[in-house]
Amino acid sequence: MKFQRILGPAGLALALGALAAEGNEMDSKTSMKIAQKAQADQGWKAEDVRVDEVESIRRGSCTFYEAGHSKRPLPYVLNYALLPDGQVVGLKESDAVSRILDACGGKDAPAGWWAEIVTRFHGSLGSGVVLHEENQEPPIIRKMKEAGKSFAAPALSAEGKTRILTFYVLDPESYILYHVTATRSADGAVEVSKSEVL
Amino acid sequence: MSVGPTQRSSSSSIQRTETKPDEAVAKSEAKPADVQPAGAHSGGAATLDTAYAEAKPKARTTSGQSYSAPSTLTRSRPPAEQSAAPLDTAPPGAKSAGEKSGVAALDEPTTTAKGSPTANLSPTELKAAQDRFGKERTYKVVDDLFHARHPELKGRQIKPGEKALAKEWTDMRAGVEEAGIQKMVADGKSDPKEISRDVFDARHPDLKGKKLSAPQQKELGEIEKQVNTSLEPLKNLQGSASFKALDAEGQKQALALMRANYQDPDARGRVQEALDSTGSVKSAAGKAQVLEGLVQGSPLTADKLANTKALLGSPKFAGLSEANQNLITEGLKGAKADPKFAENTKKLIEDPKFAALKPDEQTAVLSQVKNYPDSRSVGNLQRLVNKDWFNNQDLADKQRSLKTVAYLSQYDGGHRATVDNTLDKMLNPSSDFKLQWKDYASGGSGTTYGEGDHDTKTLYLNRGLLSADNDKMVENNTTKHLVLHTAAHEVNHILNKDEVDKTFKYFEAEYRAWYTGFTAEHGQPPTNQEAMEQRIRWQLNPSSFYGKYAAQAMKDPAEAQKFYDFLSKTTGQKVDASNWKTVAASDPSTWKTKPGDPAPVPSGNLDNH
């Protein structure tokens, strides 16, 4: 599994590499499907939608996309998942996380992938930069240490049939760091709580 | 040094002239009699003074002036007067309790001189009297002030025949004592006997707590007359119909208002009028809130009274429900009766657009008047109710808009000019900008704060991040970022008509909008380090939407050079295609610029003017 990193020399280079490759493997049919979904969700014109695949979280036959407005300087992108059955799900679907986990997660999906899915597709988050490694974003890690906090990578644990995911996510627009706890109960529903760290 | 009309007091400024009742004979408190200028005193007083001088210990200096210890005076005093305790301690200018000398006439209160006896004092003298009364012997205070006013006397006594000076000294003492009485009232005292005794004790500290002789009782009685006169405004207030109409809390606040303004005759004179103005307030709690605001905003200036009266006297105020009235009176309390707040609130409730709102919408508006008792907030709320985009919102979004505008209007932690310019875009009658609230994620708030659309000049803010109610805005990092940063940031995009592009210009447009939002929120532009850590790195990160366009722009060498130059400005390092990623990720401590210095200033409109 490959995750893009915000910065740090190695992370930035890795992310740039991903950018160079993007677009090449996405067929026009899929691109149009995502654009149409974004159009339906946001009222954007299909020709104003830019679609990029997020290769770092591709899993099995599940693919993931970001749709942005190619003209208006918006501070957000829309996240979509193309599931094996051809359905496109996004934030508008309240059960998006459950559906993606069911369709794409399997039993061995790592915590980092879970964290990306929850961050991108749960309504109480919607976006943000998941912190996967301690050296991923040195300034924010430094601030954590100054505040007496310690970094922890995304982690999954189980309590009976309940799965509990914890991770840190940075909102890059406000530069607010959150600690997130996502709980997936036996019935598949995912609840998320977040708290500011600094 | 002392001057005042007499006495046997070694330090007296006013000499008691037993044979010439109408004449004041002064001697210096500061100077022992034997060093006073020749002819400084005469007659019997001279004899006494000389006797005191002989018995007096060496003068000591206080604040450049000296006075003699009064305890030695008894030795020089005629036996018949030795029982008069005040003589033992009489300060400069003091006369003994119960004396029937001509000086007694000088000691009469001078309330009729110029209205209040405090009118005998200059503002500086009054301040000194207020500060010193009760802490120092009255006569010492009076002598000091008198000498300061008459340096030409060089500290000598008032001579027999210098009636004008003697009267001036006595008037001054009346002023000092009146200042003391008013201060006692201001501090909460109202028992005339208690106050009178305090005034007496200030004249004669050695008698404090002691039983008084008949002459001393007589002196105390004279003081009590003055005290009763001084307390008349307080008594009149308590006897007024408006006062009696108040509940216990209201009466407490009314008395507090009178006390708070007691030392200022002009302000004191306005208290009854202010109290009467609460007649239009329907609830007892509301009346008390108005009075409490006036107490906290004391002194009761003419404009505070006028504007409070105008607001409470407005037919529109009278027509409000008791609950809505209370929102205003609570606001008045919070604003400490700021006259501009009262003026703007009156304008708001008299605005036809306010009257056109539904009752629950009027309550929503007035709730923010209460929550943000600031004239700027109220002024902008009035502008808000005049905007069509506001009137087209439902109640919930109106509540969000109201708290956003009220909060931004009074927030002084940010950059006022930028915040005001941003608000003006939304509220100026001639502006066609709009604010709309939008859902960004189903079932949750997400982390999208908002966006700007320059085609429709609309600022969209995330509805899920601000609760719809009549409370204050909950202040946390998220809400502050929403209303302070995002509003300014997105309005900046609209003003600059920014569009996404594969150019440095777009990169800079995003940086500029962020720079403006940061400045609006924090009150100052970002530093190099803040800009790099919180924005530039993200805008260059290909996993961000911005970064994809930056990467594409940098494929053009000419555009790339602009990015390198920008990074070079921020870090002070030489930047080119080979190292820009490393530089962008470098530790600020390795930069050649100072990380704490202001970040590069982008081009374009930076304050949303």
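Buried residues have under 20% relative accessible area, exposed ones over 50% and partly exposed ones lie in between (1.4 Å probe, protein chains only). The views below come from a predicted model, in which local features need pLDDT of at least 70 and side-chain atom pairs count only at pLDDT 80 or more, while totals for chains, interfaces and linings use all residues. Residues are numbered from 1 along each chain as its sequence is written, chains are lettered from A and ligands numbered from 1 in the order in which they are written, and side-chain values use heavy atoms, with hydrogens and water left out.

View 1. The closest N and O atoms of Glu451(B) and Lys438(B) are 2.9 Å apart, forming a salt bridge (a side-chain nitrogen of Lys or Arg within 4 Å of a carboxyl oxygen of Asp or Glu). Glu451(B) belongs to strand β4 (residues 450–453) and Lys438(B) to strand β3 (residues 434–438) of chain B, 13 residues apart; helices (H or I, at least four residues) and strands (E, at least two) are DSSP runs, numbered from the N terminus. Both Glu451(B) and Lys438(B) are buried. The charged end of Lys438(B) also sits over the ring of Tyr460(B), 5.2 Å from its centre (NZ of Lys or CZ of Arg within 6 Å of the ring centre and within 35 degrees of the ring normal).

**View 2. Salt bridge between Glu137(A) and Arg537(B).** The N to O distance in this salt bridge is 3.6 Å. The pair crosses between chains, from the loop between β5 (129–130) and α5 (138–146) of chain A to helix α27 (residues 528–540) of chain B. Glu137(A) and Arg537(B) are both buried.

**View 3. Aromatic pair Phe507(B) and Phe566(B).** The ring centres are 5.5 Å apart and the planes stand at 80 degrees, so the pair is edge-to-face. Rings of Phe, Tyr and Trp (its six-membered ring) pair if their centres lie within 6.5 Å; planes under 30 degrees apart count as stacked, over 60 as edge-to-face and the rest as tilted. Phe507(B) is in helix α26 (residues 504–522) and Phe566(B) in helix α29 (residues 557–571) of chain B, 59 residues apart. Both residues are buried, and they belong to one aromatic cluster whose members include Tyr511(B), Trp514(B) and Phe563(B).

**View 4. Salt bridge between Asp201(B) and Arg197(B).** The side chains meet at 2.8 Å, N to O. Both residues lie in helix α7 (residues 192–203) of chain B, 4 residues apart, about one turn of the helix. Asp201(B) is buried, with a relative accessible area of 9%.
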